[in-house]
Structures are given as structure tokens and as C-alpha cells.
Amino acid sequence: INDELRQDGNTALLMFNIANLLTDINQVFSLEPGDVIMTGTPAGVGPLHAADQLKMTLKGATQDFIWETFVKA
């Protein structure tokens with residue numbers, strides 16, 4: 001948030017594996033390319049404020065995926 005690292009986690013720490021989560025979700029929703037699935041939050045969660053800049057990075061096996069957005073007023 002605003003160029004300050006607030007959270008850092010690893011999918012290996014999830015209670016359920018990714019394949020099972022995707023299978024369950026896909027039974028209820030149609031997943032499309034670019035969809036983001038939020039599975040919970042590692043330590044460091046806190047409030048967001050208007051105009052906060054957010055950057056999320058998913059470190060993949062061969063490349064990183066980065067999303068940037070902001071909090072509307």
C-alpha cells in the first residue's frame with residue numbers, strides 16, 4: 001500500500017490446495033481469464049483509505065503477475 005510492503009504470504013500455507021479451490025469455485029461461478037480469486041489474507045491486514053495506491057504481485061513459476069489499483073473516495 002503506497003509503496004510500503006504490508007503483507008507477504010505463500011499459497012503453500014493455505015488450508016486448501018489451489019486445485020480444489022478452483023474446482024469448487026468453478027462449480028458456482030464461471031471463471032474467466034484475468035479473474036482474481038482472493039483466498040484470505042496473511043498477517044499485516046489493515047484499513048484502506050481514499051486514494052491509497054495498491055500493488056499486488058503474484059510470483060509465478062516463470063513470471064510475476066502484477067495488478068495495480070487505487071481506493072476511490
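**Exercise 1.** Determine whether D64 is buried, partly exposed or exposed.

*Solution.* Step 1: recall the classes, in which buried means under 20% relative accessible area, exposed means over 50%, and partly exposed lies in between (1.4 Å probe, protein chains only). Step 2: D64 has 38% relative accessibility, so D64 counts as partly exposed.

The model is predicted, so local features need pLDDT of at least 70 and side-chain atom pairs count only at pLDDT 80 or more, while totals for chains, interfaces and linings use all residues. Residues are numbered from 1 along each chain as its sequence is written, and side-chain values use heavy atoms, with hydrogens and water left out.

**Exercise 2.** State how many salt bridges the structure holds, and describe the one that involves D64.

*Solution.* Step 1: a salt bridge is a side-chain nitrogen of Lys or Arg within 4 Å of a carboxyl oxygen of Asp or Glu. Step 2: there are two salt bridges in the structure. Step 3: D64 meets K59 through their side chains, at 3.4 Å from N to O. Step 4: K59 is classed as exposed because its relative accessibility is 63%. Step 5: the side chains of E4 and R6 form a salt bridge at 3.5 Å, N to O. Step 6: E4 is partly exposed because its relative accessible area is 44%, and R6 is partly exposed because its relative accessibility is 33%.

**Exercise 3.** Describe how strand 1 and strand 2 are arranged.

*Solution.* Step 1: strands are DSSP runs (E, at least two residues), numbered from the N terminus, and two strands pair if DSSP finds at least two bridges between them. Step 2: strand 1 (53-59) and strand 2 (64-70) run antiparallel and are joined by seven bridges. Step 3: a hairpin of four residues connects strand 1 to strand 2.

**Exercise 4.** Identify the residues of the nonpolar surface patch, and classify M56 by accessibility.

*Solution.* Step 1: patches are made of residues with over 30% relative accessible area and no salt bridge, where like charges are joined within 9 Å and nonpolar side chains (Val, Leu, Ile, Met, Phe, Trp, Tyr) within 5 Å. Step 2: V36, M38, M56, L58, F65 and W67 make a patch of about 550 Å², with areas from the Shrake-Rupley method with a 1.4 Å probe, where for residues only the protein chains shown count as cover. Step 3: strand 1 and strand 2 each supply at least two of the patch residues. Step 4: M56 lies in strand 1; M56 is partly exposed because its relative accessibility is 31%.
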